[in-house]
Amino acid sequence: MTWIVFDYGGVLSLPQPDSDAEAMARAVGAEPEEFKRGYWEHRLEFDRASLTPHTYWAAVLGRPATQSEVARLVAMDVASWAYPNQGTIALLGELIEAGTDVALLSNAPVCVGDGLDELPWIAAIGHRFYSGRMGLVKPDREIYDALAQGLGADPAEIVFIDDRPENVEGAERAGMTGLRFTDAAALRTALESVPRARL
């Protein structure tokens, strides 16, 4: 058995647009560049579930965040990651249609994962692993071990696709085949050599 495991942001979805990040900042009266700096500075701990939505957004803003601000920012944050990469989504659909075993492994907070689960192209993936629900993040070894255990698969049976080289290297250290994502066409070519990745 071969599992094809996709990252989400930058692979199945397009990267977060700057315009969306700037809109989030304006919605809560924050300076956009300072907002974006805080957004990424604290993101990995939010992905790990070390921060709650309230503590994360307060850290981003540098001040306490109201409940209504947090709710608005969470909704805008999910929407900013909901632009599908149509080429990769088409490839994913072909794999599912062909009966290939596919899964998702994403660094995403619980609230973002909950929102992504509502997207039709994500709901079609039967096995979805989000860092916030696991308390683990890529590229730490433990998250890949937990992925393999959750799939009931040997790491050698897993092909992991991510746009970040450090996450691909983490998967390879865990005994998986890592593929660095650049675009859908290159990924299609790479998968043609993978056993059971039927296209």
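Mentor: Helices here are DSSP runs of H or I with at least four residues, numbered from the N terminus. Please keep in mind that this is a predicted model. With that understood, consider helix H4, which covers residues 53-61, and helix H5, which covers residues 67-80. Their axes lie 10 Å apart, and the two helices pack at an angle of about 90 degrees. Angles of 65 to 115 degrees count as roughly perpendicular, and H4 and H5 are therefore roughly perpendicular to each other.

We may now turn to the residues that form this contact. From H4 come Pro-53, His-54, Trp-57 and Leu-61, and these meet Gln-67, Val-70, Leu-73, Val-74 and Asp-77 of H5. By class, the residues of the contact comprise six nonpolar, two polar and one charged.

Asp-77 deserves a separate word. This residue belongs to helix H5. Is Asp-77 buried or exposed? Buried means under 20% relative accessible area, and Asp-77, at 1% relative accessibility, therefore counts as buried. Leaving aside residues up to four places away in sequence, Asp-77 touches Gln-16, Met-24, Tyr-39, Arg-43, Trp-57 and Val-112. Trp-57, in this list, is also one of the H4 residues in the contact with H5.

Finally, consider the loop between helix H3 (43-47) and H4, where Ala-49 is placed. Ala-49 is not a glycine, yet it has a positive phi of about 70 degrees. Its relative accessibility is 42%, so Ala-49 counts as partly exposed.

Methods. Residues numbered from 1 in each chain as written. Predicted model: local features only at pLDDT ≥ 70, side-chain atom pairs only at ≥ 80, totals over all residues. Heavy atoms only, no water. Axes fitted to C-alpha atoms, helices over the stretch in contact; angles between N-to-C directions. Parallel < 35°, antiparallel > 145°, perpendicular 65-115°, else oblique. Contact = heavy atoms within 4.5 Å. Nonpolar A, V, L, I, M, F, W, Y, C, P; charged D, E, K, R; others polar. Buried < 20%, exposed > 50% of the residue type's maximum accessible area, 1.4 Å probe, protein only.
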